Amino acid sequence: MSKPWSIVTCILVVQLLACAGGEGLPEDPAPGETRVSVQGLAGSRLYTVDVTAQPANVTFSLRYMAASDTYEGGLMLSGGTQTLTAAGYVRDSAGTRVLVATGSATVDVVEGGAVTVLMNLQDVTPPAPQPDIPPFIRSAFISGTAHTTNAIELAVSVIDLDGDPITYAWTSDCPTGVFSRPNEAYTTWHNMLPGPCKLEVHATARGQVVSISRVVNVEGPAVGGVLVVGTYIPRPRVTAIQVEGQGLSPRRFLREDAVSNLPFVGPNRTFQVEFFVDYGTQHGTRTATLDMSEGSPCGTLVRGADTCATSPTPTSCSVRYTWTTPLPSPLCKLTARATNGTLADAFTIGTMVDWVP
């Protein structure tokens, strides 16, 4: 189907000998005719709404009336208690009717009277599937000293929160290296030639792969060893800027947005400006600041709450500033900047400061 369905609450008005005319229906109902009007479903774009009355054992389809924005229909029912069951359908890509909503209500049909019944048409489509939660590496260790005369122990601990089966694959860039259990979480490894070797393990669960690698130096006779461990520092990324305050409802600009400009804001007003940063790591020397990169002048900025400075250092965080706008100014740009060592990123939003209501 083309869209998800949420629970829809509709009112079915069942009338006998006292129903106003609608598009495509007679102005005056015939004696004994019951009319049904369903409100609130037009926006759902159902293909059809069928109503069955029991014990009369009568089924009829409601028609959409553009003039009243309702689904309506009529049928002949004898007096007494009747159970009305409604079923809403859409058409799938192949043109087949698919049931998406059902509901029922009981009404006492009394000649010369009118009864209003509240009926809930509830979504019967299944919920969207839960996306897969990838596995993650909890820990890994190397035990022993790599030497041409002995093997070292390797182990990795991987968790998959979905409980998916996990497979392992150990590899080495030294062709002469041998793993005792290359497809298990624990293994030993031995290389008969001295020199550096990169050892890597890939853990896979439902097609999602995580990996970790280490470089070991295999020692030989009268040869010292050096273990080099590197840490990857990704470029930080300013992911969004949010602004709210006097005369301005909260506006959030994402890095993926096509435009990033505010409507005009009034002079000498106070706004809260918060920007969000994804550092992707807990390592490195980091900064996160907001400045006015253009505009002469553009008011004042006062730094407020800063989750980037909390401990332990988070990988994603935000910083909030209070911005007081100046007198009317041709142009103001607010630029959020983030650095991790020599790696930097910036994201700018623009606005005009002018007299506004």
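In which sense do strand β10 and β13 pair, and over how many bridges? I'm working from a predicted model here. I find β10 (residues 152–159) and β13 paired in the antiparallel sense, over four bridges. I looked up E153 too, and its bridge partner in β13 is T188.

Next, the other neighbour. Strand β12 (residues 178–179) also runs antiparallel to β13, and two bridges join them. Here F179 has W189 as its bridge partner in β13. A hairpin of six residues takes the chain from β12 to β13.

Then I checked which way the side chains of β13 (residues 186–190) point. They alternate: T187 and W189 are on one face and buried.

On to the loops. I found T148 in the one between β9 (136–143) and β10. Is T148 buried or exposed? I noted a relative accessible area of 14% for T148, under the 20% cut-off, so T148 counts as buried. Leaving out residues up to four places away in sequence, T148 touches H190, N191, M192, L193 and P194, and also V218, E219, G220 and P221.

Last stop was L161, in the loop between β10 and β11 (167–172). L161 is exposed because its relative accessible area is 58%, and the cut-off is over 50%. I see L161 forming a nonpolar surface patch with I133 and F136. Together these residues have about 270 Å² of accessible area.

Key: Residues are numbered from 1 along each chain as its sequence is written. This is a predicted model: local features need pLDDT of at least 70, side-chain atom pairs count only at pLDDT 80 or more; totals for chains, interfaces and linings use all residues. Side-chain values use heavy atoms; hydrogens and water are left out. Buried means under 20% relative accessible area, exposed over 50%, partly exposed in between (1.4 Å probe, protein chains only). Two strands pair if DSSP finds at least two bridges between them. Contact means heavy atoms within 4.5 Å. Patches are made of residues with over 30% relative accessible area and no salt bridge: like charges are joined within 9 Å, nonpolar side chains (Val, Leu, Ile, Met, Phe, Trp, Tyr) within 5 Å. Accessible areas come from the Shrake-Rupley method with a 1.4 Å probe; for residues, only the protein chains shown count as cover. A salt bridge is a side-chain nitrogen of Lys or Arg within 4 Å of a carboxyl oxygen of Asp or Glu.
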